[in-house]
Amino acid sequence: MAFDGVTIAAIVKELNDTCLGGRLYKIAQPESDELLLTIKTPGGQRRLLLSADASLPLVYLTGQNKPSPMTAPGFCMLLRKHLQNGRVTAITQPGLERIIHIDVEHLDEMGDLRHKTLIIEIMGKHSNIIFCNEDGMILDSIKHVSGLVSSLREVLPGKPYFVAHTQDKLDPLTCGPEQFSAALASRPAPLYKAIYQSYTGISPILAQEVCHRAGLDGDAPTAAFSPRELEAAFREFRRMMDQVQSGSFAPAIAYTGRQPAEYAALPLTLYTNGEDSLRPCSSISALLEQYYAEKNTLTRIRQKSVDLRRIVQTALERNVKKYDLQLQQIKDTEKRDKYRIYGELLNTYGYNVPEGSKSMEALNYYTGETITIPLDPDMTPAENAKRYFDKYGKLKRTFEALSTLTEEVRAEIRHLESIATALDIALLEEDLVQIREELAASGYIHRRGGGKREKVTSKPFHYVSSDGFHMYVGKNNYQNDELTFKFASGNDWWFHAKGMPGSHVVVKCQGEDNLPDRTFEEAAKLAAYYSKGRGQEKVEIDYIQKKHVKKPNGAKPGFVVYYTNFSMMMDDDISGLEQV
């Protein structure tokens, strides 16, 4: 997930293919560290986003516009003065550095042709957008860096522009086999680390890819490899650099399950096994826009649901603790029948016990064994019998009360676990509305807006099986109830992960008496994926026709019972399923 030199090379190629020769039609600064350039080209209008955000610096073409402040910042005004209607004459990258130079020619106030350069440095917290004249002097920058901030380089108007070399790294585009082996041998580190620490513009994921393509363990130290193995690593490294130099990019996002894990401008063969998969993108800009949109969505929903997660986790821990304590108390009542038998035997044989005895031996007519009954010497046999019957009665009442309470607490734990699973499933803020409503109805939180219910816009997931059958997946308990008891008809098929929280999956039979085996398997995969068992190698899935699924009176949302069902073991790989 690194914005490395190879990604920059792919962007530079795309910009040369689409924007070279175009005119800067509009220049906007939507954020303090961000520019949005509109470039008119023969192929149409292009929007180029340049961001020097310290946490997420980016450069890519986008179709989205952004609102600008009413008063443009000074840096934006300076660019408009010099570059408005200027023509883009060159877009270059020095070596494989994370730097882009955009050269623009324009006419000054006197009508003379001038050349300026907009430099975008994508370097993490040191990212910047710098505007220079033809002599390499800085006219201004989106971030000013004084000598008090950096002793290596000042980025201020009137200062000469240069790249501060803070790391002694080699150029990967010009390396040879001897240099490669020597560079790795000089670094006592895992092989993949030695590669990306030795060469400019190589990210950890690309270094791991080199090792994977060469069939080497990237986590093993460099000293563990023979010259022949290092030569194999170099061949793959050289092949990758040849792709970069020839512009043979194949941008793709690597997914683990359904979540984006990495991206690269070159194919990542690392992500082609198990639940990992690669999804090609039409361009590097499309990749970056899609990848960060998905990552931002997941991050944002995690932030939005953090309060709900904390409430659910706190309630869950409290109920689990209560449940464990009640189970221990139930275990303590197991001796109740022993006290009842003691009382009965004392009433039967107690007339033979001498006064002041501390125990009595008697035949237990339930088992045929002789047992010893402890006695209080200060009590008569009848009084001892009454004492044991009192103990029995107390423990019996405790057992009966705890049996009811324990079942209630266990149901509450199952309910909270199902809500926790629903929070894991949620992808959009709208998905949290019904979860919040369910927590409010259960008394865990107060409703927003003076007790008014929030508007529900979230809908169940909708998939189409390979055989054309429509499959629906509830995102939370309310949607599960709605799907099962209002949406599904009697002959539709119902799926659920056995013995664990998860979504109800309904497959519409569409008038067919039965479903194809492949559709059964795909619905079972959905039930496994949208359950607490996600990530396990196999999950047991129960499936049955909806008419056999019942909801007990007073049951929690999403809770159902069924007594005859089929089962299958299924993985949670839904990468091949089409979502509507």
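Helices here (H or I, at least four residues) and strands (E, at least two) are DSSP runs, numbered from the N terminus. The expected span of a helix is 1.5 Å times one less than its number of residues. This is a predicted model, where local features need pLDDT of at least 70, side-chain atom pairs count only at pLDDT 80 or more, and totals for chains, interfaces and linings use all residues. Residues are numbered from 1 along each chain as its sequence is written, and side-chain values use heavy atoms, with hydrogens and water left out.

**Helix α6**

Let's start with α6, residues 227-246: its 20 residues reach 28 Å from first C-alpha to last, close to the 28 Å expected at 1.5 Å a residue. Just past its end, Gly 247 takes a positive phi of about 75°.

**Two helix pairs**

Axes are lines fitted to C-alpha atoms, for helices over the stretch in contact, and angles run from 0 to 180 degrees between N-to-C directions. Angles under 35 degrees count as roughly parallel, over 145 as roughly antiparallel, 65 to 115 as roughly perpendicular and the rest as oblique. A crossing is left-handed if the near helix is turned anticlockwise from the far one by less than a right angle, and right-handed if clockwise.

| Pair | Angle | Axes |
|---|---|---|
| α5 and α6 | about 125° | 8 Å apart |
| α9 and α10 | roughly 155° | within 8 Å |

So α5 and α6 are oblique to each other, and their crossing is right-handed. In contact terms (heavy atoms within 4.5 Å), Leu 206, Glu 209, Val 210 and Arg 213 of α5 meet Ala 233, Glu 236, Phe 237, Met 240 and Gln 243 of α6. That makes five nonpolar, one polar and three charged residues.

The α9 and α10 pair is therefore roughly antiparallel, with a left-handed crossing. Among the residues making this contact are Tyr 339, Tyr 342 and Leu 346 of α9 and Tyr 388, Phe 389 and Leu 395 of α10.

**Leu 375**

Leu 375 is in the loop between β14 (369-374) and α10 (381-425). At 11% relative accessibility, Leu 375 counts as buried. Leaving aside neighbours within four places in sequence, its contacts include Leu 346, Val 353, Met 360 and Arg 387.

Notes:
Ala, Val, Leu, Ile, Met, Phe, Trp, Tyr, Cys and Pro count as nonpolar, Asp, Glu, Lys and Arg as charged, and the others, Gly among them, as polar. Buried means under 20% relative accessible area, exposed over 50%, partly exposed in between (1.4 Å probe, protein chains only).
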